[in-house]
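Colleague: I'm new to this one and could use a guided tour. Could you show me how to read a few of its features?

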Amino acid sequence: MEEKEKILDLIEKKQFAQARKLLEDFHPADIAQLLDEMDSVQACRTFRLLPKDMAAEVFSYLDSDNQHKLISLLSDAELRRILDEMYMDDTVDMLEELPASVVKRILQLSSSDTRGEINRLCRYGEDTAGSIMTTEMIDLKRSMTVRDAFDWIRKVGTDMETIYTCYVTDERRVLEGVISVRQLLLNPYDAKVGDLMEDDPLCVQTGDDQETIAHLFQKYDMLTLPVVDSEKRLVGIITIDDAVDVIQDENTEDIEKMAAMLPSDRPYLKTSVVDLWKHRIPWLLLLMVSATFTGNIITSFEDKLSSYIVLTAYIPMLMDTGGNCGSQSSTTVIRSLSLGELQFRDIFKVIWKEMRVALLCSVTLAVCNFVKLLLIDRIAVMVALTVCLTLIVAVCCAKMVGCTLPLLAKKLGFDPAVMASPFITTIVDAISLLVYFGFATIILHI
C-alpha cells in the first residue's frame, strides 16, 4: 500500500521520472498487482510510465477485466506497441477472455502476419498443447557450428520467449534434436550442432491434452517442451510458466468438482452472485433429490424404529462416519489419478489395500464406540452390538465405494473429481441405513 501511495503521489506531483524509476525496480507481476488495486484512470497513468518491453510483460500478468479497462483507455498507437512486444501465447490467451468488440480492435491494429498467427493458434482445441504453445522459439540446423548458433541466437533471440533451449530442425522443419545454451557454451566454437545435440527429444503433438503435458513437465523437470504436428514438424514450444498455469487451473477445477460445483475460471471476488448460483445449484438440486432416497429408507422402517426409539439417535453418527470414510478414499484415489500414479488396471490393488485399511479403521471405531455406548450412553448390549456391527460394515462399504467410483469414472471417460465427497456420501448414507436396519431386524427382532 505504501508503494501505491508513493507512486500515485509522485504522479500527482508530475514527478514522472522518479515514479518511472521506482516502478522499474518492481517485478512485472508486482506492478500488475499494484495496478489491480488502483482505479482505471490511476492504473492507466501508471501503466503509461513503464518502458514498452516492461509494459507488455506487466500487461500479460493482468487479469482479463483489468486488461479490458486499460485497452479502453489506451490509444491505438499505445496498444499497438504493447501487442508488438507481447509473446504470441500471451496474446492468444488475452483474446480468448476479452469481448468480441475489443478483440476486433486488437486484430485491426495487428499486422497481417500476427493476425494469421493468432488465427492459426486459435484454431487449436481448448485445453490442448496447441492452445497453450508459443511459436516464438530458437531453431538451429545440425550443420551449424557453435559460432553460427550464437550468431543466430543474437540475431533473433530478442523476440523469443526463451533462448535457453534450442531445437534442431531440417529444411522441412522436422524436429531432429535439442541442445541447450549451456552445451553450446561449454564446447568449442567450431564444434557442430549436430554432434552436440540430443537426438529424438521428447515432444508432444498439437492435439495432446494439456494436463498430460503438465505431468511431463513435473516428471522430467523440463523448462520447455517442443510441440510438433502429425508429420513431426516443429510448430511451437510450451514453456514452464504455461505448464504451471495449467497445473493450477486443473487443480482448481478438481477442487471445485470435488466440492460439487461447476468449475469457474474467474477469481472468487470477481465472480457475480448469479454466476456463483449457476455454478452451485445444479449439483445441489441433484444431491437434494438423491438424498430423498435416504428419507424414504427411514420412512419405510418407521414402524420398527418406533419400538426401538434409541436406534434413531445413532443414525447421524453412522451416516457421517461412513461418508467421511468414503471421502478419505475418494480424495486419495482422485489425487493419485490426477498425478498419474494410478490407472484403471490397478483397481484390484486399490480395493485390496483399501479393504485392509477399512478393516483396521472400522474395528478401531467399533471397539471405541462399543465402550462409549456401554459406559457413557448405558444402552443395552444388543443395541450397542447392532450399532457397532453396522459401523464396521458401513466403513468397509464406504471405502469400497470411495476407491472404485473414481477409477470407474476415469475408465468411462468422466472426470474422477465428479465422484467426490458429496456424491459418494449420498450413496454411502443409503447403504449405511439399509445395513443398520438389516442388523436391527436380525439382532433385535424388530
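Modeller: Let's go through rings, cysteines, backbone angles and a surface patch in turn.

Modeller: This is a predicted model, so local features need pLDDT of at least 70 and side-chain atom pairs count only at pLDDT 80 or more, while totals for chains, interfaces and linings use all residues. Residues are numbered from 1 along each chain as its sequence is written, and side-chain values use heavy atoms, with hydrogens and water left out.

Colleague: Rings, then. How many aromatic pairs does a search of the whole structure find?

Modeller: Rings of Phe, Tyr and Trp (its six-membered ring) pair if their centres lie within 6.5 Å; planes under 30 degrees apart are stacked, over 60 edge-to-face, and the rest tilted. The search of the whole structure finds three such pairs. One of them joins Phe-47 and Phe-59: it is tilted, with 6.1 Å centre to centre and 55 degrees between the planes. Phe-47 belongs to helix H4 (residues 40–48) and Phe-59 to helix H5 (residues 52–61), 12 residues apart. Helices here are DSSP runs of H or I with at least four residues, strands are runs of E with at least two, and both are numbered from the N terminus.

Colleague: Are Phe-47 and Phe-59 buried or exposed?

Modeller: Buried means under 20% relative accessible area, exposed over 50%, and partly exposed in between (1.4 Å probe, protein chains only). Phe-47 is buried at 3%, and Phe-59 is buried at 0%. Phe-150 and Tyr-189 make an edge-to-face pair, 6.3 Å centre to centre with 80 degrees between the planes. That pair links distant parts of the chain: Phe-150 lies in helix H12 (residues 146–156), and Tyr-189 in the loop between helix H13 (181–185) and helix H14 (193–196), 39 residues apart. Phe-150 is buried at 11%, whereas Tyr-189 is partly exposed at 45%.

Colleague: What sits over the ring of Tyr-189?

Modeller: The rule is that NZ of Lys or CZ of Arg is within 6 Å of the ring centre and within 35 degrees of the ring normal. Here the charged end of Arg-147 sits over the Tyr-189 ring, 4.5 Å from its centre.

Colleague: On to cysteines: how many disulfides does the count come to?

Modeller: A disulfide is a pair of cysteine sulfur atoms within 2.5 Å, and by this rule the count is zero.

Colleague: Which residues other than glycine have a positive phi?

Modeller: Among them is Arg-173, with a phi of about 70 degrees, in the loop between strand E2 (165–169) and strand E3 (175–180). Lys-232 has a positive phi too, near 65 degrees, and its loop runs between strand E6 (224–228) and strand E7 (234–239). Arg-173 is partly exposed at 32%, and Lys-232 is partly exposed at 29%.

Colleague: Where is Leu-359 found?

Modeller: Leu-359 is in helix H20 (residues 347–377). Together with Val-363, Val-367, Val-371, Leu-375 and Ile-376, Leu-359 forms a nonpolar patch on the surface.

Methods. Patch = residues over 30% accessible without salt bridge, like charges linked within 9 Å, V, L, I, M, F, W, Y side chains within 5 Å. Areas by Shrake-Rupley, 256 points an atom, 1.4 Å probe, with all protein chains shown as cover. Salt bridge = Lys/Arg side-chain N within 4 Å of Asp/Glu carboxyl O.
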